[in-house]
Amino acid sequence: MFAASHASSAAAAVEFDGIAPLDFVRASLEMPSDFLRSRLTASEIALALREGLHVGDHAFDALLPNDSRTASMRFWSPVKVASMAAHWLEMHGAQRVLDVGAGSGKFCVIAALITDLVVEGIEQRPHLVEQARALAAELGVADRVKFTCAALEATTLENYDALYLYNPFCEAGYDRLQWLDESLELAPDSAPRDVARIEAALDAMPVGGQIVTYHGFGGRLPDTFELLHSWSFGGGSVRCWQKARPGPSASRLFEGEWA
Ligand SMILES: C[S@@+](CC[C@H](N)C(=O)[O-])C[C@H]1O[C@@H](n2cnc3c(N)ncnc32)[C@H](O)[C@@H]1O
């Protein structure tokens with residue numbers, strides 16, 4: 001799956017023989033075209049991310065199979081968003097984070113590469129779980145990320161002190177032409193039920209628990225949470241909240257209603 005990119009990068013590495021790997025990666029990332037940047041190998045991309053270099057989505061997505069690469073712009077977290085979210089979660093004390101609807105694994109593997117978080121993802125589409133596991137293996141973090149093929153309703157959210165949600169449930173409300181793929185039959189009434197599950201999990205979360213959303217999650221947050229960070233990127237907002245007061249709340253706000 002990743003052979004073409006590896007082969008051409010190996011050739012490039014020979015031409016740059018004698019240059020330290022990090023310098024080679026840095027120079028490659030500064031190449032003026034997407035095509036040249038996308039020739040980086042998985043291990044070079046892992047090195048760049050660990051070193052805090054900017055890896056564009058074109059370069060990262062070249063590690064994905066064709067169908068998933070095409071889907072990336074609409075359905076997978078941009079590298080910058082995944083990196084920012086992971087840093088926020090770690091900075092505010094999260095230890096065990098669940099990506100609800102992990103897709104091809106982009107958030108999870110980036111978080112595992114750049115933080116010490118324990119990262120897990122659930123994903124309802126089996127072929128994406130396979131992709132995510134392959135991506136983690138390619139990037140050398142298979143032992144640090146766990147992907148489970150499961151629906152939200154079968155998942156125990158109390159096991160995690162942080163949730164990452166890139167608007168996972170909205171697809172069920174789209175016309176099927178807008179779906180990621182037709183490997184599953186999505187029920188339109190599944191989204192409100194899943195949103196209610198997340199809202200209940202937020203009520204049950206202990207003080208200090210966190211949630212990061214990108215493009216929201218379709219629900220409202222209890223006012224027992226505090227908004228810590230908000231950043232606009234790619235036509236949406238990535239936001240980080242932390243629970244500041246215990247217990248459920250009678251008052252809930254949609255994301256746009258937070259000051
Ligand atoms: C917008 S994508 C986000 C992917 C990934 N979190 C990321 O940031 O790159 C949403 C994913 O959630 C999955 N999903 C949606 N509803 C789900 C549910 N109830 N249980 C498990 N996975 C779900 C979809 O199959 C899709 O892959």
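User: Is Glu30 buried or exposed?

Analyst: This is a predicted model, in which local features need pLDDT of at least 70 and side-chain atom pairs count only at pLDDT 80 or more, while totals for chains, interfaces and linings use all residues. Residues are numbered from 1 along each chain as its sequence is written. A residue is buried if 20 or more other C-beta atoms (placed from the backbone) lie within 10 Å of its own, exposed if 12 or fewer do, and partly exposed in between. Because Glu30 has 11 C-beta neighbours inside 10 Å, it counts as exposed.

User: Between which helices is Glu30 found?

Analyst: Helices (H or I, at least four residues) and strands (E, at least two) are DSSP runs, numbered from the N terminus. Glu30 is found in a loop, and the helices on either side of that loop are H2 (21-29) and H3 (34-37).

User: How many Å apart in space are Glu30 and Leu89, C-alpha to C-alpha?

Analyst: Leu89 is one of the buried residues of H7. In sequence, 59 residues separate Glu30 from Leu89, and their distance in space, C-alpha to C-alpha, is 29 Å.

User: Which element gives the largest share of the side of domain 1 that touches domain 2?

Analyst: The domain assignment, whose bounds come from an automatic or database source, gives domain 1 (3-63) and domain 2 (75-253). Two residues are in contact if their C-beta atoms, placed from the backbone, lie within 7 Å, and the contact takes 11 residues from domain 1 and 9 residues from domain 2. On the side of domain 1, the elements that give two or more residues are helix H4 (42-50) and helix H5 (57-61). The largest share, 6 residues, comes from H4.

User: How many Å apart are the end C-alpha atoms of helix H7?

Analyst: The expected span of a helix is 1.5 Å times one less than its number of residues. The 13 residues of H7 (residues 79-91) should therefore span 18 Å, and this agrees with the separation of its end C-alpha atoms, 18 Å.

User: Through which helix does the chain cross from E2 to E3?

Analyst: Two strands pair if DSSP finds at least two bridges between them; strand E2 (residues 118-123) and strand E3 (residues 145-149) pair in the parallel sense over 5 bridges. Glu120 stands opposite Lys146 in E3. The β-α-β crossover is right-handed, and the helix that carries the chain from E2 to E3 is H9 (residues 126-138). With the strands pointing away from the viewer, a right-handed path from the first strand over the helix to the second runs clockwise, and the helix in this crossover is H9.

User: Which residue in E8 is the bridge partner of Trp231?

Analyst: Strand E8 (residues 236-243) is largely enclosed by the rest of the structure, because 6 of its 8 residues are buried. Strand E5 (residues 210-214) and E8 pair in the antiparallel sense over 5 bridges, with Gln210 opposite Gln242 in E8. Strand E7 (residues 225-233) and E8 also pair in the antiparallel sense, over 8 bridges. In this pairing, the partner of Trp231 in E8 is Val238.
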